[in-house]
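Let's take a friendly tour of some aromatic side chains. Have the sequence and the model open as you read.

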Amino acid sequence: MKTDDLIESLVADLAPVRPGAVRLGIAATAAAGGAVALALVFVWLGLRPDLAEAAGGMMFWMKAGYAVVLAAAGFWCAERLARPAGSPRPGLTLAIAALAFVLLLGLGRMAMAPPADRMAMWLGGSWRRCPIYILTLSAPTLALALLAVRRFAPTRLRMAGAAAGLFAGGVAAAIYGLHCTETSMAFLATWYSLGMALSAAVGALVGPWALRWR
Amino acid sequence: MRRAQDGDAAAWRELLGELSRRLSVFFARRLGPAHAADIEDLVQETLLAIHRRRVTYDAAQPFTAWAHAVARYKLIDFWRRRRIRVHVPLETFEDSLWAPPDGSAEARLDLERVLGHLPERQQRLIRDVKIEGLSLAEAGARAGMTEGAAKVSLHRAMAALTARMREREDG
């Protein structure tokens, strides 16, 4: 086909775009993927037995808040990287700031605690499981988010994959908080962060393959 | 582009026409004579992508950077499909398509907007040296300063410009 004819056919096909379609397309995956993760917590991991009580405490919301902020940062990055020439920098800055915040708080609490208690604070009772559970719970959101981003026009695929992974990891960690009974800041700063980082790493790993579009 | 996103067909026809000319030049330079036959295919693929994925253009960003990134993606995809790996340094893209010799519409608009934020003296320097191609000494003489002073001032202006551009991309 001649290029001029192609242009004519594209012009004939032109319809107004829905503003916010990129944001909406990616945000919807959190709802769907989050619902699956929630179902997994209910039937597989189980809610924490003291949920009602814990919801009155500060640490429960600290964990949820940290996860939500990282999900938002990942969303921001992904929303930018789903566009050609989009820059993830603002989202990345938010993620790093949030991480630095909880790390500092965690270190502060550790420093104030008696040395004998420090290991227990840091490792809690579930440090081996926590990152793996978060990674597992992130899978549905990650898969959907990658499909969504691919429909747009990412041009830096590895980075866009990592952003989708961070987003999915944040969503998963927020929901995992319904199961997890850990209460230390150092635990949150280390193992939650590791879980979300693993999810981002998986996203980065599969991004170049999963996000390639034609 | 914004008008096209709202559904203005005439604006879209004009923009796609202009883009197809620029893209031909862009791909011709990148592909070299050995792949001259593929230029039109690539141009069409890129136009198609720009059309189908126009929703990803954000009006707050420079349009040229957006279209450029699509073209680059298509080019890399082309090489990848042919299993040819070429090392394409990023810098070579900077001055290629989007600062066309005729200084035409879109790129010029973006440039004018960022230049407008600099002090007038620095604007003049950038125009004289980077766009019109005068030497530092000539541009300095025009602005009434020594070559050394012109060099320092130009350097600062470029730094400010880069910072400004980066800010816009992040926006």
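Is A:F60 buried or exposed? A:F60 is buried, with a relative accessible area of 11%; buried means under 20%, exposed over 50%, and partly exposed in between, using a 1.4 Å probe and protein chains only.

This is a predicted model, where local features need pLDDT of at least 70 and side-chain atom pairs count only at pLDDT 80 or more, while totals for chains, interfaces and linings use all residues. Residues are numbered from 1 along each chain as its sequence is written, chains are lettered from A and ligands numbered from 1 in the order in which they are written, and side-chain values use heavy atoms, leaving out hydrogens and water.

Now for the ring pairs. Rings of Phe, Tyr and Trp (its six-membered ring) pair if their centres lie within 6.5 Å; planes under 30 degrees apart are stacked, over 60 edge-to-face, and the rest tilted. By this rule there are 14 aromatic pairs over all chains, including these:

| Pair | Centre to centre | Angle between planes | Type |
|---|---|---|---|
| A:F60 and A:W61 | 4.9 Å | 85° | edge-to-face |
| B:F63 and B:W66 | 5.7 Å | 35° | tilted |

Both B:F63 and B:W66 are buried. They are three residues apart in helix α4 (residues 63-81) of chain B, so about one helical turn separates them; helices are DSSP runs (H or I, at least four residues), numbered from the N terminus.

In chain A, ring pairs join A:W44, A:Y133, A:Y176, A:F187 and A:Y192 into a cluster. A:W44 belongs to helix α2 (residues 21-45) of chain A and is partly exposed, at 43% relative accessible area.

Notes: Helices (H or I, at least four residues) and strands (E, at least two) are DSSP runs, numbered from the N terminus.
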